[in-house]
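This report covers aromatic contacts, strand pairing and helix packing in one predicted model. The sequence and structure come next.

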Amino acid sequence: MSSFTTALLVSPLSDGKSWVIVTNFGYDVGEEGSEDRVHVATGFVTDFASVPRLLWWALPKWGLYGNAAVIHDWLYWDQKRTRKEADQVMFEAMEVLNVPQIKKNLIYRAVRMFGGWAWKRNKWDKESGFARVIKDKNITYAVNINRPGIFKRTLEQALTNHMHRDSNGPIATGPALTRRSASSPPARASGRRVVPPAAGPAADLPR
C-alpha cells in the first residue's frame with residue numbers, strides 16, 4: 001500500500017492563508033518504498049485544499065484529506081506529471097488517509113472539472129518568475145510571498161495575449177475584408193469547451 005514518507009510539518013505565514021513546508025515531506029505512489037516518489041521541496045508554500053470560501057462548510061481547506069491536498073498542490077506547481085496524473089495521485093493518497101468515499105469522490109470530481117484554472121495559474125506564475133518555494137532556510141512568520149491572486153493573474157495573462165496579438169499587426173486591410181473568399185477556411189473559435197470526464201463507478205473514478 002502507498003504511504004506518506006514522513007509527518008507533515010508546516011509553519012503559518014503572515015498572510016493568514018499560507019503555510020510553508022519546514023521539513024522533508026513526500027508520498028510513495030502505488031506502494032510504500034516504490035521508486036515513484038513525490039518529494040515536496042522544503043520551503044514550498046501551500047494553501048492546502050484550494051476550496052472556494054462558499055464551500056468551506058462542506059470541504060474546509062484542512063481536513064482528513066490535508067496531507068493529500070499538499071501533495072496535490074505540489075504536483076500542480078511542479079507539473080512534471082500531467083494534471084490527470086496529479087489528480088489520480090491525490091485520489092490514491094486520500095484512500096491512504098481513509099477519507100470517506102463520498103467526500104473523496106466529490107473532491108476528485110471537483111479537481112477534474114475545475115482544476116484546470118489552478119494548473120494554468122501555476123504555469124503563469126512560473127513564466128512570470130514567481131516562485132512558491134522559499135529558498136531562505138531561516139523562514140520566519142513575517143515572510144509574505146505576495147502571490148498574485150488568481151483573477152489578477154488571469155487578467156495579466158489575457159492582457160499579455162492581447163498585446164502579443166497586436167504586436168503581430170493586422171492580418172489584412174482594405175475592402176477585401178468585407179467578403180470572405182470561398183476558399184478561405186471558416187473562422188475558429190478562440191475558446192476551448194470544457195468537457196467533463198465520463199463518469200464511471202463511484203469507487204473507480206480515477207481508473
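## Aromatic pairs

Seven aromatic pairs are present in the structure. Rings of Phe, Tyr and Trp (its six-membered ring) count as a pair if their centres lie within 6.5 Å; planes under 30 degrees apart are stacked, over 60 edge-to-face, and the rest tilted. One of the pairs, Phe 4 with Tyr 27, is tilted, at 5.0 Å centre to centre and 55° between the planes. Phe 4 belongs to strand β1 and Tyr 27 to strand β4, so this pair ties together parts 23 residues apart in sequence. Phe 4 is buried at a relative accessible area of 15%, and Tyr 27 is buried at 0%. Buried means under 20% relative accessible area, exposed over 50%, and partly exposed in between (1.4 Å probe, protein chains only).

Phe 91 and Tyr 108 form an edge-to-face pair, with 5.3 Å between centres and 70° between planes. Phe 91 lies in helix α2 and Tyr 108 in helix α3 (residues 101-127), 17 residues apart. Both Phe 91 and Tyr 108 are buried. A single aromatic cluster is formed by Phe 4, Phe 25 and Tyr 27.

## Basis of the model

The model is predicted: local features need pLDDT of at least 70 and side-chain atom pairs count only at pLDDT 80 or more, while totals for chains, interfaces and linings use all residues. Residues are numbered from 1 along each chain as its sequence is written, and side-chain values use heavy atoms, with hydrogens and water left out.

## Sheet

Three strands make an open antiparallel sheet in the order β1-β4-β5. β1 and β5 are at the edges with a single partner strand each, so one side of each has no neighbour in the sheet. Strands are DSSP runs (E, at least two residues), as are helices (H or I, at least four), numbered from the N terminus; two strands pair if DSSP finds at least two bridges between them.

Two bridges join β1 (residues 3-4) to β4, and Ser 3 has Asp 28 as its bridge partner. Four bridges join β4 to β5 (residues 37-40), with Phe 25 partnered by Val 40. Both faces of β4 are covered: Phe 25 and Tyr 27 on one side, Gly 26 and Asp 28 on the other, are all buried.

## Helix α1

Twelve of the 13 residues of α1 are buried, so the helix is largely enclosed by the rest of the structure. Just after α1, Gln 79 has a positive phi of about 60°.
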